[in-house]
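Biologist: Please take a close look at one part of this model for me. I would like to know how it sits among its surroundings.

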Amino acid sequence: MNFDLNIAIDVFKELLPFTKTTLFIAAVALVFSLLLAILLALIVRYKVPVLLQITKVYVSFFRSTPILSQLFFFYFGLTQFVPFLNDLSPTTSIILVLSMNEAAFMSETLRGALESVDKGQREAALSVGMTELQAMRRIIIPQAFRVALPGLSNSFISLIKGSSLGFTIGVIEIMSQAKLISARNYRVMEAYMAALAVYWIVVGILSKGQKYIENKFNKAY
C-alpha cells in the first residue's frame, strides 16, 4: 500500500481540533505539578523533618518508574481499592498522574534554581527587616524563576507528549483519534504521520514562545 499524501493531509485536518484536549490536559497538569513541585522543593530546601524523607521517596519513585506503569497502576489498580477514586474520568486520571510524575522532575529544577540564588541576598534581606516569606517572594523567587524558566518550559512540552498516553485508558486526544482513524480507513502510515506532524507543529510553536519569554526575562540581566 503506497503512502498517500492527500489522505495524510485530510487526517491532519481532522486531528487539529483535538489539540484543544491535548493542550487542556497539559495546561491543567502544569498548574498542579508546579504547585506540588514548589511544595516539594521548599520541603527539601528547608529540610522539614519527616516530610523530607517522604519527599525523597516520592521523587525517587516517580523519577525511577515508567509513567505508563504509573498510569495503569493508578487507573486500573488504585481506583479499585480507594472508593472516592472510583468515579474519576479518564481525563482526570491522566491529569493527576501527569501532575504527580512531572512534579517529581520539576521539583529538582526548582530546587536547583533556588540554590542558584546567592545566599548573601537572603541574609541581606533579613538584615534589613524582611521576613523569610518576604525575602522569598521579593528577592529569591523572581531570580530563581528566571533560572528555572527553560526547565519549566520543557516540562510543559513533556506534559504535551505525555498526554498521548491517555489513549491507553480511553481519553480522546490527538493520539487516540489517530488510532481511531487508522482503524477506520486502514491507512496507518498516514494517520500516525499526521499525528506526529501535529505534535511537531504544536511543540515548535511553544518552543518559539519559550525563547521569546526567556529573552524578555533576560533583558534585565
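Modeller: Serine 153 counts as buried, because its relative accessibility is 17% and the cut-off for buried is under 20%. Bear in mind that this is a predicted model. Serine 153 lies in helix H7, which covers residues 132–162. Leucine 78 is 75 residues away from serine 153 in sequence, and their C-alpha atoms are 30 Å apart.

Now the helix around it. H7 pairs with H5: their axes come within 8 Å and cross at roughly 145°. The crossing of H5 past H7 is right-handed. On the H5 side, the contact includes Ile94, Leu98, Glu102 and Met106. On the H7 side, Ala148, Gly151, Leu152, Ser155 and Gly162 are among the residues involved. By type, the residues of this contact split into 13 nonpolar, six polar and one charged.

Beyond its neighbours within four places in sequence, isoleucine 94 touches Ile25, Leu71, Gly162, Leu165, Gly166, Ile169 and Val171. Ile94 and Leu15 have the most contacts inside the largest nonpolar core, a set of 28 residues. Helices that each supply at least two residues of this core include H1 (5–15), H5 (90–116) and H7. H9 gives the largest share, six residues. There is also a second, separate core, with 18 residues. Ala37, Phe62, Ala104 and Ala148 are among its members.

Definitions and conventions: Residues are numbered from 1 along each chain as its sequence is written. This is a predicted model: local features need pLDDT of at least 70, side-chain atom pairs count only at pLDDT 80 or more; totals for chains, interfaces and linings use all residues. Side-chain values use heavy atoms; hydrogens and water are left out. Helices (H or I, at least four residues) and strands (E, at least two) are DSSP runs, numbered from the N terminus. Buried means under 20% relative accessible area, exposed over 50%, partly exposed in between (1.4 Å probe, protein chains only). A nonpolar core is a set of buried Ala, Val, Leu, Ile, Met, Phe, Trp, Tyr and Cys residues joined through side-chain atoms within 4.5 Å. Contact means heavy atoms within 4.5 Å. Axes are lines fitted to C-alpha atoms, for helices over the stretch in contact, and angles run from 0 to 180 degrees between N-to-C directions. A crossing is left-handed if the near helix is turned anticlockwise from the far one by less than a right angle, and right-handed if clockwise. Ala, Val, Leu, Ile, Met, Phe, Trp, Tyr, Cys and Pro count as nonpolar, Asp, Glu, Lys and Arg as charged, and the others, Gly among them, as polar.
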